[in-house]
Each structure stands twice: as structure tokens, then as C-alpha cells.
Amino acid sequence: MTSYIPSLTLPGQVFAQPAAAILLPVALGTAVGFGVRPTDTQRTYLALKQPPLRPPPQVFGPVWTTLYALMGYSAYRAWTTGINSFNPQTVELTKQGATLYTIQLALNLVWMPLFFKLKRPIEATVDIVALTGVTSYLAYIWGQVDEVAGWTLVPYLGWLGFATYLSAGVGYLNNWNIAETERDKPPTAKGKATKYVDEERERKDL
């Protein structure tokens, strides 16, 4: 069981203000996304062998923005409901959830650089599995403080499950080495340098 750890927890003021609680994860997620560079991210994503049901890369931005906003609202609901409770156990659960929330946010923000920048699918998959576990426990903890706060995390958990499938599937299909699945000049490039997989050649090699 994770306890409340002030040094690993965002300040209470962040949770207490709805705008700050909602906009912080949205802003951090957007900053990380642009820091990794969207064009390179999409190029890498399209270059890799993908498991079935992969969504187009344009889907991820709107989905993650919505989920970041929902997780921020959940944090606001749980904190404002529980921190001033007359029940000491509810207050403790609220603080414990705040620590878990901060940890899951950090794990969330680390995934994209691990996968797309460092091209480390094993570490990225371990990260997202840990993220899903921490978020599941967070939903359970904050659900005891405020049911709405707990249920608001359910779409996030559903997407994390799907993202875990994609992360592990891409790693497995590309032999857990996504850096070497990209070719500089596939036949369709006609001399132009790209990083897209030569899918026609891949099919012939099977």
C-alpha cells in the first residue's frame, strides 16, 4: 500500500483549483508531445509493424487531451471532497490518492520519450503496465472518497489497457527493437530519404 509522501506529491493548491487541476496534465502532456516532435512520432508510428486495431496517429492527440482533462477533474473532485472531511480515514485516502496521482502522471509522461525518442519498447511497456496498475489502485482509493472521481478515471483505464496492448504488440512484432525496423530508402521513396518500412518487401520475406 502506498502512503501519502509529500515529496512525491503535487502541491494541494493544484488539486484545489479546478483550472489548475485540469490544465496541468493537459499542458504537461502537450509539452511532452511537442518535445518529442509530432512529425517524427507519426513517422515512427507508421514505420512500425502494428498489431490489429491500430488507430491512425491523428486519433491520439484528441483522445489524450480528453483523458488528461478527465484525470485532472477527478483529482479536483477527490481532493475538494475528501481533504476537508470530518472522517480522518477519508482525509488519509485523499492524500494517499494524491501521491498515487502524481506517480501515475510521471509514469504517463515518461512513456512517449521512452518509446519514440529513446526507442526502448521493453522499458516503455514495463512503464505502461506499471502506470495501469497505479491508476487502477488510484481509482479504487479515490472511488472511496468520491464515486464520481473514481468513475471519471474509468475511460482513462480503458485507454491504458488498449495502449498497453499496442505497446506490447508493436514491441513483439518488431522483435523489441524498433530502431532497426526502419529503412532509409524503401522502393516507393524514389531516392527520397524516409524512415518508412518497406511493407511490400516485408510481405515477400514472410
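The structure is a predicted model. Its largest nonpolar core has 40 residues, and helix 5 gives the most to this core, with 10 residues. The structure also holds 14 aromatic pairs.

- The buried residues of helix 4 are Trp64, Leu67, Tyr68, Met71, Gly72, Ser74, Ala75, Ala78, Trp79 and Gly82.
- The cover over these buried residues includes helix 1 (12-16), helix 2 (18-36) and helix 5 (88-117), together with helix 6, helix 7 (147-152) and helix 8 (154-173).
- Methionine 71, one of the buried residues of helix 4, is in contact with Pro25, Tyr101, Gln104, Leu105, Asn108, Leu153 and Tyr156, when its neighbours within four places in sequence are left aside.

**The largest nonpolar core**

- Within the core of 40 residues, those with the most contacts inside it are Phe15, Trp64, Met71, Tyr101, Phe115, Trp142 and Tyr156.
- At least two residues of this core come from each of helix 2, helix 4, helix 5, helix 6 and helix 8, and helix 5 makes the greatest contribution, with 10 residues.

**Aromatic pairs and a cluster**

- Among the 14 aromatic pairs is the one formed by phenylalanine 60 and tryptophan 159, which is edge-to-face, at 5.9 Å centre to centre and with 70 degrees between the planes.
- This pair links distant parts of the chain, since phenylalanine 60 belongs to helix 4 and tryptophan 159 to helix 8, 99 residues apart.
- Tryptophan 159 counts as buried because its relative accessibility is 16%, where the cut-off for buried is under 20%.
- The rings of phenylalanine 115 and phenylalanine 116 are also edge-to-face, because their centres are 5.0 Å apart and their planes stand at 70 degrees.
- Phenylalanine 115 is buried at 4% relative accessibility, and phenylalanine 116 is buried with a relative accessible area of 11%.
- One aromatic cluster is formed by Phe15, Trp79, Tyr101 and Trp142.

**Serine 136**

- Serine 136 lies in helix 6 (residues 121-145) and counts as partly exposed, because its relative accessibility is 34%.
- A polar atom of the serine 136 side chain lies 2.8 Å from the backbone oxygen of threonine 132.
- Serine 136 and glutamine 104 are 32 residues apart in sequence, with 9.9 Å between their C-alpha atoms.

Technical notes
Residues numbered from 1 in each chain as written. Predicted model: local features only at pLDDT ≥ 70, side-chain atom pairs only at ≥ 80, totals over all residues. Heavy atoms only, no water. Helix = DSSP H or I, 4+ residues; strand = E, 2+ residues; numbered from the N terminus. Buried < 20%, exposed > 50% of the residue type's maximum accessible area, 1.4 Å probe, protein only. Polar contact = N/O pair within 3.5 Å; in protein donor to acceptor, adjacent residues only side chain to side chain. Contact = heavy atoms within 4.5 Å. Phe/Tyr/Trp six-rings, centres within 6.5 Å; stacked < 30°, edge-to-face > 60°. Core = buried A, V, L, I, M, F, W, Y, C linked by side-chain atoms within 4.5 Å.
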